[in-house]
Amino acid sequence: MEKGTRVITNADGVYLWDSDGNKILDAMAGLWCINVGYGRKELADTAYEQLRELPYYNNFFQTTHPPAIELSKTLVDISPSQFNHIFFTNSGSEAIDTVVRMVRYYWALEGKPEKTVIISRENAYHGSTVAGSSLGGMKLMHEQGGILTDIEHIAQPYWFGNGGKLSPDEFGIKIAKDLEARIKKIGESRIAAFIGEPVQGAGGVIIPPETYWPEIQRICDKYGILLIADEVICGFGRLGEWFGSDYFSIHADLMPIAKGMSSGYLPIGGLMVGDRVANTLIDKGGDFNHGFTYSGHPAACAVALKNICILKEENIIDTVKNETSPYLQKRWLELGSHPLVGEARGVGMVGALELVKNKETKEGFPEKQNVGMVCRDFCFNNGLVMRAVADTMIISPPLIISNDEIDDLIAKARLCLNLTAEKIGL
Ligand code: PXG
């Protein structure tokens, strides 16, 4: 509080209010999660009713309960066809930890226990437990607490930053081929899996060129390694499809999910397990000795189920795909002409603005100038939550944002870009 911490007291739709009574447009959907928007009484009622009916029971020892059963069925319904099993967790990070154990166990059951290396990407975000921060590619996190062994990081498909003179499509192929090079360097016999977010979120909304995922898929298929699509942000409609894998036609073997699964109303996550892995675990394995006290908590499952019903019944994902995200993207790209913006990019309900000193050369600002933070603070003080990842401004609004609210978002973002440019004397 002394440092000026803002206290958020209530919220409705896409707006938050703080303890000083300021109304703020939440263009980050909380933390990439309030997909159906704030103030959904039906989700609160669902939690209340479930807590009265059965507040808790576990999913161990061949027991389960109706909300977990119903949610499992629904998740299998809405996910790509190879997913027929789900392992519940309470967060994305726990789902990622589950990935590491499950991948290693899978290869051990396949008689290849030496296949333990998982390849991830620089600047990826996969959570903050030991496994999550290790698989993630954030140097600052690796410096705090170290990194697990047998995790490798290759380059990210960040065309604006690293594309040089290549076209986005050429760059996409070139960067994907780093995977093949790393497999060869480490030795095919050691490689277990590749993991990636369909669109990197916390790393700064890095949208891969169209050529990237098909090439990654080709390489995973060629070497028979497992492909893990981390859907914690992209899942549940963020890109205008149920999953980022649907948007990019990725055929994944495992999909960690969380966030939009319950629109953040209660904590829940999970690992969707594809048939290839599930069949081996079921046919060759015994019990997978893994799970958490609150895995598949009844109230969280009931809320997630109701949240998915809302997404379906209100046609939210189709509306994103056909109406609101085309409008958001059209308006967002207009900000690309601002003198401070080197690139405006976006897809579905995410977007990024690269703040630069020189639009032509893409030259950035010195780190110590903290231009992203300057802009973020202007946003906060002018009724807009927009995140800064270094000097990249990012948005990920609730999926129910209307075109009028999008106009409000763009007007506020433009105002804050102007204020930032003025402050730094651009
Ligand atoms: N995978 C991805 C792709 C994520 O974005 C996680 C896993 C971990 O989920 P949990 O539920 O354990 O947090 C995430 C989480 C940020 C920020 O600064 C992003 C996340 C979490 C905290 C901060 O953008 N994403």
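These are my notebook entries on a predicted model.

**Ground rules**

I count residues from 1 along each chain, as its sequence is written. Because the model is predicted, local features need pLDDT of at least 70 and side-chain atom pairs count only at pLDDT 80 or more, while totals for chains, interfaces and linings use all residues.

**Entry: domains**

I looked up the division of the protein. There is domain 1 (8–36 + 315–424) and domain 2 (43–313). The bounds come from an automatic or database domain assignment. I find the C-alpha centres of domain 1 and domain 2 to be 26 Å apart.

Next I checked where they touch. Contact means that the C-beta atoms of two residues, placed from the backbone, lie within 7 Å. By that rule 26 residues of domain 1 meet 23 residues of domain 2. On the domain 1 side, the elements that each supply at least two residues are helix 1 (29–32), helix 13 (316–334), strand 11 (341–347), strand 12 (350–355) and strand 15 (392–395). Helices (H or I, at least four residues) and strands (E, at least two) are DSSP runs, numbered from the N terminus. Helix 13 gives the largest share of this side, five residues.

I sorted this side of domain 1 by class: 14 nonpolar, eight polar and four charged residues. Ala, Val, Leu, Ile, Met, Phe, Trp, Tyr, Cys and Pro are nonpolar; Asp, Glu, Lys and Arg are charged; the others, Gly among them, are polar.

**Entry: the sheet 1-2-3-13**

I traced an open sheet of four strands in this order, with mixed pairing. Strand 1 (8–12) and strand 13 (384–385) are its edges; each has a single partner strand, so one side of each has no neighbour in the sheet. Strands pair if DSSP finds at least two bridges between them.

Strand 1 and strand 2 are antiparallel over four bridges. Asn10 has Trp17 of strand 2 as its bridge partner. Two residues lie between these strands in their hairpin, where Gly13 takes a positive phi near 60°.

Strand 2 (residues 15–18) joins strand 3 (residues 23–26) by three bridges, also antiparallel. I noted Tyr15 opposite Leu25, and Trp17 with Lys23 as its partner in strand 3. This hairpin has four residues between the strands, and Gly21 takes a positive phi near 85°.

**Entry: the sheet 11-12-15-14**

I found a second open sheet of four strands in this order, with antiparallel pairing. Strand 11 and strand 14 (387–389) have a single partner strand each, so they stand at the edges with one side left without a neighbour. Neighbouring strands are turned by 20° on average, direction ignored. Axes here are lines fitted to C-alpha atoms, for helices over the stretch in contact, and angles run from 0 to 180 degrees between N-to-C directions.

Six bridges pair strand 11 with strand 12. Ala344 stands opposite Leu353 in strand 12. Helix 14 (residues 371–381) packs on this sheet and touches strand 12, strand 14 and strand 15. The directions of helix 14 and strand 14 make about 175°.
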